[in-house]
Amino acid sequence: MGRHLVGADREGGTRRTPGRAVAYVACGAVLLAGCASMPDSGDLRGVESTPRQDTQVRVFAMPPHEDASSSEIVSGFLEALTSDDPDYEIARKYLTKEASDNWRPLLSTMVLADGPAADVDRVGGREETDNLSYRLTGAKVATVDAQQSYAPAGGDYSEAMHLTRDKKTKQWRIDVPPRGVVMGRTDFQRNYMSVDKYYFATNTTLGTSPHTAAVADPVFVRRNVDPMTQTVRSLLKGPTSWLDPVARSSFPTGTALKDVTTLTTDDQNRLTVPLNDKAARVGLTKCKEMAAQLLFTLQNLTPTVDEVVLRAAGRQLCTLTEESAEAVAMRGSMERADYLYFLDAKHRLVRLAAATNGTKPDPVPGALGEGDAELKSVAVSRDEDMAAGVGLDGKNLYVGALVPDGPLGEPELTSAGRTPDERLSAPSWDAQGDLWVADRDPDNPRLLLLQEGVGDPLVVNMPPGLEGRIESVRVAADGVRIALVVKQGEKSSLLIGRIERSDDAKAGDHSAVSVRELRSATPALEEVSAMSWAGDSRLVVVGREKGGVQTMRYVQVDGSTPEGPAPAALSGVKEITASEDARLPLVGYSEDGIVRLPSGAQWQKVLTDGTAPVYPG
């Protein structure tokens, strides 16, 4: 359980140095001396590589010892960055006073594949000068910005760090530290955890009640440094810049915690949150929305919060329980689908009760289940009242109500693509009851939106410079985020975009709906062949890495890897569907037909003759 240092294996025979981190096991109060090995002088290599540890293990830094060498100062500082020191007070002891005053560790975190290697820039071949420069290097994996927002990164990391020796004390200290914090991937995984903050979608009108959609905004907080209080402070600051154009917070601008250093629940699982005077005048409706944001956010962090009490100006503003919060806003992960849908051997739409182990589907009422149309792909509206299907040749899009004897009219949309793969993608319904589909015609590739599933389609504006062709589309339950598989040459990527709607959207303005700021959720995959939303900020994808075999995994919308196991392996996966509600099983179409993966179990065959499984959405 001690620290392991990559460089120790390379250097060989180096002795331990006191400027290292130590681990504290809470349950046994045992201090474990670190295994960090550092040369007294010369180059430092790989100042990281802590194995993934249990959350009970705490890592604390050690301050520099008297007469520490320059290399010990560098190694001790880099180790201190990976510790559970709340305010980086120990790390600052390795800096000069001026450098400590100016250093802003919360501005950014650089995540490297391995810990940063440190090479000394020798002056005159000796270390006897009072000034030394080191260069930190490594391979970039990701960055976390000042808003705690994660973004994948690539390329080489290289940054200078300068040391000076005090003329009076003769002690080495860092006078030019790296910007922010830098650490390797395994230390990042041990130190940080992803948490969804919740805000409310703007410019959307849900077809179901309640009429407000909650939107997940993932951020990374330090796992062992009071994550609850960190998360609440982050929530109060508002949405991250990527989500901000399509989300709002009900907390008045400037709202902050008042007279509190740490938040804790009482013995009734109730959390009291004292706010400053910015929140003192909110009305009851607004207060309930604020409390719902807190409850959704904190329940994502810990299941031990059942009720939130908001206070300001010395009085209670409102209280909200878990049961009441669901009446304030709709959260995709809490909306359970009634049915699982797929196509039978005759290419007609059938359904099974979603929360059962049934294997005998029934035709859906209406022309798509009872009529003669042969379908290739389908989508069912989130209220399960409407369905859309693409014909077997991929050319025509049909829309019909799921009611007995419902008629099937003329196609709502027709593609001019030459082959089925160059025609219409599988469609997707958003929370407003609008229908999305990609026309993959190489001569006229477009992302289209049919308002309420009918009428002239709107051509959705895409970011300028988008290269490649949209292969598949899935809109999130919140209605403001969209997942697209975009193919360029032999590579296909999963991109997450923000849906922006102008006030003219309902008037049929063809420039009224746009997808903005596409970002990759699968930077490690060379090919993405299937995907589905599988949570408020999580998707399940089928794909492969370069030169690899097909794999199935969960990914976060920000490109990070969520904690927990990957789905059980399944060979020959052609299609995959999941519900934002994690209580419902994954369902796939593979070489074995329709299969499902109940929680904690292995894949089970549902039906040999079936294709195109989908949950509503």
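Okay, let's start in the middle: the largest nonpolar core here has 65 residues, and Val273, Leu275, Leu310, Leu494 and Leu539 touch the most other members. By core I mean buried Ala, Val, Leu, Ile, Met, Phe, Trp, Tyr and Cys residues joined through side-chain atoms within 4.5 Å, and buried means under 20% relative accessible area with a 1.4 Å probe, protein chains only. Helix 7, residues 284–301, gives this core its largest share, 9 residues. There's also a second, separate core of 38 residues, with Leu95, Ala99, Val120 and Met183 among them.

Quick caveat: this is a predicted model, where local features need pLDDT of at least 70 and side-chain atom pairs count only at pLDDT 80 or more, while totals for chains, interfaces and linings use all residues. Residues are numbered from 1 along each chain as its sequence is written, and side-chain values use heavy atoms, leaving out hydrogens and water.

Back to Val273. What is it in contact with, leaving aside neighbours within four places in sequence? Val232, Leu257, Leu263, Leu294, Val308, Val309, Leu310 and Arg311, counting heavy atoms within 4.5 Å as contact.

Zooming out, the protein has 9 helices and 39 strands; those are DSSP runs, H or I of at least four residues for helices and E of at least two for strands, numbered from the N terminus. Of its 617 residues, 55% are buried.

Last stop, helix 2, residues 70–81. Its 12 residues should span 16 Å at 1.5 Å a residue, and the end C-alpha atoms sit 17 Å apart, which agrees; the expected span is 1.5 Å times one less than the number of residues. And 12 of the 12 are buried, so helix 2 is largely enclosed by the rest of the structure.

How values were computed: Buried means under 20% relative accessible area, exposed over 50%, partly exposed in between (1.4 Å probe, protein chains only).
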